[in-house]
Amino acid sequence: MKARTRHLPCVMAGLRNLAIGIHRQAGHANIGAARRHTARNHPRPRTTPGMT
């Protein structure tokens, strides 16, 4: 996804880094597999340990 509007690229990069950090904190070694697993069921990110 290319986002070239004002601050949007920085925001998207921050959100991507947040998602990667959450997966690493949850103990996932393969971030790509963890993202695909989470993408299959949208409520799943709320069940990550430490998140409410």
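Of the 52 residues of the protein, 12% count as buried, where buried denotes under 20% relative accessible area, exposed over 50% and partly exposed the range in between, with a 1.4 Å probe and protein chains only. The structure is a predicted model, in which local features need pLDDT of at least 70 and side-chain atom pairs count only at pLDDT 80 or more, whereas totals for chains, interfaces and linings use all residues. Residues are numbered from 1 along each chain as its sequence is written, and side-chain values use heavy atoms, with hydrogens and water left out. The protein has 2 helices and 0 strands, these being DSSP runs numbered from the N terminus (helices H or I, at least four residues; strands E, at least two).

In helix 2 (residues 31-39), the buried residues are Ile31, Ala34 and Thr38. These residues cover an arc of only 60° around the axis, which puts them on the same side of helix 2, the arc being that of the directions from the helix axis to the C-beta atoms. Arg36 and Ala39, on the other side of helix 2, are exposed. The buried residues of helix 2 pack against helix 1 (8-25), contact meaning heavy atoms within 4.5 Å.

Within helix 1 lies His23, which counts as buried at 10% relative accessibility. When its neighbours within four places in sequence are left aside, His23 is in contact with His28, Ile31, Ala34, Arg35 and Thr38. Val11, also placed in helix 1, is by contrast partly exposed, with a relative accessible area of 44%.
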